[in-house]
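Me: I'd like to go through this structure with you, starting with the aromatic side chains. Could you set out the terms as we go?

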Amino acid sequence: MLEYLIKANVLGMVLFFIPAFYIFIRITAPIEKELTERKLYLACGAGAVFGTIAEALTTIGSVRDYSKNTEYMALIFIAPLITMSLLYLSVNFKTFREDNYAGYYAAGVGLFYGASKEFWNLWVLETNEGKLNIGDNMVDLLMGVAFVILLGGCGLWMGETCRNEKNKLRMFGRLTLVCMFMNFLLVTAIEKPSIIVDFVAIFTIGVVGMALLESGRKKLLKTKR
């Protein structure tokens, strides 16, 4: 029973989606009565669907795989482009973009986008690698949680930018560069099997993600609707 519970796909379902849901509730709490319930469900669903599509494209294209010629360059440069492009498409739907509270819905899209993407990433990893020990599982899970937070922050900023219809490409480019740097940290952790490197990468990604969410949340509260 214990062996089954520590499997990456089971823990991933719990440790990715529950924090995503909790953070989403905290962000939307101040204006909960102003939001449309249907759009809240749509935000969560759209994020989960597009996150699955993004991870499927990454897996099919072998973007995460090591190559003798390019090493992990595809993971650093191509994966963020796929991730940010699908995230942008998911928050740019008319039903979110034209709403005064687009940033709030987009935060939900980003959080569930990240939760779904990281869940399938863990499932593929466990399938390819076979049985993973508890230590490897926890490092991968914590890294996944950090990316969930990061993508939630990226979604929030993208959604609010799409609502304003200003500087959308600039915001897309900035967030893509941030994602590229975070993937560089991920690759560093992969290439240097050290618990210190792993947790420095996890901590950095998590802090950047929380900074994006918190700064975006404060901006949303100050924005007149």
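Reply: Rings of Phe, Tyr and Trp (its six-membered ring) pair if their centres lie within 6.5 Å, and planes under 30 degrees apart count as stacked, over 60 as edge-to-face and the rest as tilted. This is a predicted model, in which local features need pLDDT of at least 70 and side-chain atom pairs count only at pLDDT 80 or more, while totals for chains, interfaces and linings use all residues. Residues are numbered from 1 along each chain as its sequence is written, and side-chain values use heavy atoms, with hydrogens and water left out.

Me: Which residues form the one aromatic cluster?

Reply: Phe17, Phe112, Phe119, Trp120 and Trp123 make up that cluster, and the structure holds 10 aromatic pairs. One of the pairs joins Trp120 and Trp123, edge-to-face, at 5.9 Å centre to centre with 80° between the planes.

Me: How far apart are Trp120 and Trp123 in helix α6?

Reply: They are three residues apart in α6 (residues 102-129), so about one helical turn separates them; helices here are DSSP runs (H or I, at least four residues), numbered from the N terminus. An α-helix has 3.6 residues a turn, so residues three or four places apart point the same way.

Me: Is Trp120 buried, exposed or partly exposed?

Reply: Trp120 is partly exposed, at 32% relative accessibility, and Trp123 is also partly exposed, at 38%. Buried means under 20% relative accessible area and exposed over 50%, with partly exposed in between (1.4 Å probe, protein chains only).

Me: What about Trp157, buried or exposed?

Reply: Trp157 lies in helix α7 and counts as buried at 17% relative accessibility.

Me: Moving to the largest nonpolar core, which residues touch the most other members?

Reply: Of its 65 residues, those are Phe16, Met84, Leu87, Met143, Leu175 and Ile205. A nonpolar core is a set of buried Ala, Val, Leu, Ile, Met, Phe, Trp, Tyr and Cys residues joined through side-chain atoms within 4.5 Å.

Me: And which helix gives the most to this core?

Reply: α7 gives the most, with 13 residues, while α2, α3, α4, α6, α7 (134-164), α8 (168-191) and α9 each supply at least two.

Me: Which residues of α9 are buried?

Reply: They are Asp198, Ala201, Ile202, Ile205, Gly206, Gly209, Leu212, Leu213, Gly216 and Leu220.

Me: What span should α9 have, going by its residues?

Reply: The 28 residues of α9 (residues 195-222) should span 40 Å at 1.5 Å a residue, and its end C-alpha atoms are 40 Å apart, which agrees. The expected span is 1.5 Å times one less than the number of residues.

Me: Changing topic, where is Ser62 found?

Reply: Ser62 is in the loop between α3 and α4 (73-91), where Glu71 also lies. Ser62 has a positive phi, near 55°, in a residue other than glycine, and phi of Glu71, likewise not a glycine, is near 55°. Both are partly exposed, Ser62 with a relative accessible area of 37% and Glu71 at 41%.
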